[in-house]
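Hi,

Here is the structure I said I would pass on. Have a look at it first, then read my notes below.

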Amino acid sequence: MQPARPLAAALAESTVLLDGGLSNQLEAQGCDLSDELWSARLLVDEPRQIEAAHRAYVRAGAQVLITSGYQATFEGFARRGIGRARVTELFARSVELARRAGAAADREVWVAGSVGPYGAMLADGSEYRGRYGLSVRELERFHRPRIEALAAAGPDVLALETVPDTDEAEALLRVVDDYGLSVWLSYSVAGDRTRAGQPLETAFGLAAGHDRVVAVGVNCCDPADADRAVVTAAEVTGKPVVVYPNSGERWDTGGRGWTGGATFDPRRVRGWQEAGARLVGGCCRVGPGPIAELAGLIAAGRTARRSGSGSARGTDRGTGGATEP
């Protein structure tokens, strides 16, 4: 069952909660994600595991489920001998699995079709560097077939996520113009720049006048970098901000593992909301537990605001006049 209203309408009214990292939940369920296709492999081999992971986030309170297609591409599946017609079916399956999981909820649940960066297909960590040596036009040609397949599958919105540089963002925004779907655009950042080193003011500015973009922001980055980026995104675009950082641990590409300690704190949501965030959640290594904490904090903020508590005061920056966090 699809939600009765567009995601943009919900964002204009209040904060909407995203899910967390799909891969970590799949690993918690015992799935082996060492394959180059990462979680996308399970679309072929173990789709029930993907649906179960989505359901875990529904139980935690998520209102938006991001599909398992981040690393799913025609090129990646072709290396496994899977033809284009079958890959198109797999994109549709990714949407269907999320839709089925959301249907079990007693609330609206939107499905976001994941569109990961070109570097994710390479499976060599280059999505955290960008600047692949491809032109904007070449990146358009890469992304178009996948976006076309996802659009045909009927998600509520597309998540143009973990984008490392402005060239790829420009290519993605050009392609989505042709398919009529709302999108959010979120960069992976380091400090006050994209992973490729461009100023965030420039990066966010690409989405400022784009009608299809319902939210702009960051994901798969350090929570401290996300704090600063939310402010910039709201100031530059005037749009609702999307923010879903990772746990704060760092991915070691060579060792193919996470290092360091977690710094993700659900209580950051108050600052995000005050700065203009309306679509919030977690990325890699942020599981159902922290998402449930976020759900509780968001609900408590709404209750406090209705009772007149100043501590839960919202902001109308970048939300089209919405005042309830």
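**What I found**

The chain has 13 helices and 12 strands; both are DSSP runs numbered from the N terminus, with helices being H or I over at least four residues and strands being E over at least two. Keep in mind that this is a predicted model, where local features need pLDDT of at least 70 and side-chain atom pairs count only at pLDDT 80 or more, while totals for chains, interfaces and linings use all residues. Residues are numbered from 1 along each chain as its sequence is written, and side-chain values use heavy atoms, with hydrogens and water left out.

**The whole chain**

With 325 residues, a compact globule would have a radius of gyration near 20 Å, and the chain agrees with that at 18 Å. (That radius is taken over C-alpha atoms, and the globule rule is 2.2 Å times the number of residues to the power 0.38.) Along the principal axes, the C-alpha atoms fill a box of roughly 60 × 40 × 40 Å.

Of the 325 residues, 57% count as buried. Buried means under 20% relative accessible area, exposed means over 50%, and partly exposed is in between, using a 1.4 Å probe and protein chains only. The accessible surface comes to about 12,500 Å², and 46% of this belongs to carbon and sulfur atoms; the areas come from the Shrake-Rupley method with a 1.4 Å probe, and for residues only the protein chains shown count as cover.

Now for contacts, meaning heavy atoms within 4.5 Å. Among those in the chain with a separation of 6 or more, 76% are between residues 24 or more positions apart.

**The sheet**

Which order do the strands of the open sheet follow? There are 8 of them, in the order β1-β12-β9-β8-β5-β4-β3-β2, and the pairing is parallel. Two strands pair if DSSP finds at least two bridges between them. β1 (16-17) and β2 (64-66) stand at the edges with a single partner strand each, so one side of each has no neighbour in the sheet.

Follow β12 (residues 277-280) next: 2 bridges join it to β1, and the two run parallel. On the other pairing, 3 bridges join β12 to β9 (residues 241-244), also parallel.

**A few residues to look up**

Most residues other than glycine have a negative phi. Here are two residues where phi is positive.

- Trp38 has a phi of about 55° although it is not a glycine. You will find Trp38 in the loop between α2 (22-28) and α3 (42-45), partly exposed with a relative accessible area of 24%.
- Cys220 has a positive phi of about 50°, and it is not a glycine either. Its loop runs between β8 (213-219) and α11 (223-237), and at 2% relative accessibility Cys220 counts as buried.

Glu148 and Asp178 are 30 residues apart in sequence, and their C-alpha atoms are 8.9 Å apart in space.

Happy browsing!
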